[in-house]
Amino acid sequence: MIAVRKRAFAALLALVPAAGLLLGAPAQAADLDITVKSVTLSKSTLVLGSKAGCGIVNFTAVLSAPLPSTGTEFAGVGVDVHEPGTGDVIAGEQFTQVGSTATYKGAVKICGQYTAGRYRADVYGVVAPKTGDYQTTNTVSKSIYLKRPSTLTLNATPEPVVKGKKLTAKGVLKVNGKALSGTAVKIYFKATGVSTYTYKGAAKTNAKGVYTKAFTATKSGVWKAVYVGGNARNAASAVDAVKVK
C-alpha cells in the first residue's frame with residue numbers, strides 16, 4: 001500500500017477517521033490505474049487585505065475514468081491546500097462528481113487573515129475498498145496566490161516644465177495600507193504620439209514608502225511608475241501627464 005498522507009478533504013475524514021491518513025508528507029506515487037488528467041482553477045490569484053473577507057477558488061478535475069462507485073467504503077476526488085512556508089494544510093474539500101462522468105468539481109475558500117504568499121493545492125483521488133488497502137491516484141498540484149493590495153502614487157513636477165530642465169517623479173508605495181520601504185519602483189515615459197513606454201530608470205522607497213527620481217525634460221508625454229509586486233503583494237502602477245514647453 002502507498003500511504004495517503006496529509007490528506008484532509010472533508011468526506012474522507014468523516015468516513016475513514018481511523019485510517020491514519022493525516023500523518024507525514026503527501027504520497028509521492030499512485031497505486032490506482034485511474035489518473036487525474038487535468039485540473040483547472042477559476043482564478044489563481046486572490047487580492048485580499050489582512051483584515052478583508054474571503055475569496056472562492058473553483059476547481060474542475062478531469063480523470064481518465066470515473067472512480068468506482070460499487071464495492072468501496074469510499075471513493076472521491078478532493079483537494080488539500082497547503083500554507084506558504086509551513087506546508088500545513090489549511091483547507092481540505094471533497095469535490096462533487098458531475099453526473100456519472102469523469103469530471104469532478106469543488107471549491108475552496110481562502111481568507112484575508114491567512115498568510116500571504118503561494119499556496120499549493122494538491123488534487124487527487126482516493127478509493128477505499130471494502131476489503132484491502134486504500135488506493136490513490138496521482139496528485140496534480142496547482143498554485144494559488146494570496147496577495148496583499150498595493151497602492152502607488154505618482155506626481156511628476158513641475159507641470160508644465162521647460163525643455164531641458166529637471167523634472168522630478170515622486171510618489172508613495174503602500175501594501176496592505178502600510179508604507180513599503182526599500183522597494184524598487186520603475187519609471188517609464190511615453191512621448192505624445194508614441195504608443196509604447198520606454199524604461200527611464202528606477203528608484204527605491206524610503207522608510208515612509210516615498211520614492212523620488214529626477215529626469216531631464218525633453219518632450220511632452222505621460223510618465224508611468226510601476227511596482228511589479230510578487231508572490232505576496234499585488235502589482236500597482238500610476239501615471240501622470242506632463243507638458244514640456
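Biologist: How many contacts beyond four places in sequence does the model have for residues 16-29, where pLDDT stays under 50?

Modeller: This is a predicted model, and confidence is the first topic. Where pLDDT is low, the predicted coordinates should not be read in detail. For residues 16-29 the model has 31 contacts beyond four places in sequence, while pLDDT stays under 50 there. Residues 1-8 also stay under 50, and for them the model has 46 such contacts.

Biologist: What is the mean pLDDT of the chain?

Modeller: The mean is 88, and 88% of the residues reach 70 or more.

Biologist: Let us turn to the nonpolar cores. Which residues have the most contacts inside the largest one?

Modeller: A core is read as a set of buried nonpolar residues joined through their side chains. The largest nonpolar core here has 27 residues, and those with the most contacts inside it are Phe59, Leu63, Leu67, Val77, Val79, Phe95 and Val123. At least two of its residues come from each of the strands E1 (36-41), E3 (54-63), E4 (72-82), E7 (103-111), E8 (117-129) and E10 (140-147). Another core, of 24 residues, lies apart from it and includes Ala156, Leu167, Ile187 and Tyr211.

Biologist: Which residues does leucine 63 touch, leaving aside those up to four places away in sequence?

Modeller: Leucine 63 touches Ile34, Thr35, Val36 and Lys37, and likewise Val77, Ala102 and Tyr104.

Biologist: Now the sheets. What is the strand order in the open sheet that contains E3?

Modeller: A sheet is read by listing its strands as they lie side by side. In this case 4 strands form an open sheet in the order E1-E3-E7-E6, with antiparallel pairing. E1 and E6 (96-97) are the edge strands, each pairing on one side only. Inside the sheet, E3 and E7 pair over 9 bridges in the antiparallel sense, and glycine 55 stands opposite isoleucine 110 in E7.

Biologist: Is aspartate 122 buried or exposed?

Modeller: Burial is judged by relative accessible area, with under 20% as the cut-off. Aspartate 122, in strand E8, is buried because its relative accessible area is 4%. A polar contact of 3.1 Å joins its side chain to that of histidine 82.

Biologist: The backbone remains. Where is the peptide bond from threonine 157 to proline 158, cis or trans?

Modeller: Most residues other than glycine have a negative phi, and most peptide bonds are trans. The bond from threonine 157 to proline 158 is cis, with omega near -5 degrees. Proline 158 sits in the loop between E12 (155-157) and E13 (166-175). The bond from glutamate 159 to proline 160 is cis too, with omega near -5 degrees, and proline 160 belongs to the loop between E12 and E13.

Biologist: What is the phi of asparagine 176?

Modeller: Asparagine 176 has a positive phi of about 60 degrees, although it is not a glycine. This asparagine is found in the loop between E13 and E14 (178-179), and at 27% relative accessibility asparagine 176 counts as partly exposed.

How values were computed. Residues are numbered from 1 along each chain as its sequence is written. This is a predicted model: local features need pLDDT of at least 70, side-chain atom pairs count only at pLDDT 80 or more; totals for chains, interfaces and linings use all residues. Side-chain values use heavy atoms; hydrogens and water are left out. A nonpolar core is a set of buried Ala, Val, Leu, Ile, Met, Phe, Trp, Tyr and Cys residues joined through side-chain atoms within 4.5 Å. Buried means under 20% relative accessible area, exposed over 50%, partly exposed in between (1.4 Å probe, protein chains only). Contact means heavy atoms within 4.5 Å. A polar contact is a pair of N or O atoms within 3.5 Å; within protein, one must be able to donate a hydrogen and the other to accept it, and residues adjacent in sequence count only if both atoms are side-chain atoms. Two strands pair if DSSP finds at least two bridges between them. pLDDT is the predictor's confidence in each residue, from 0 to 100.
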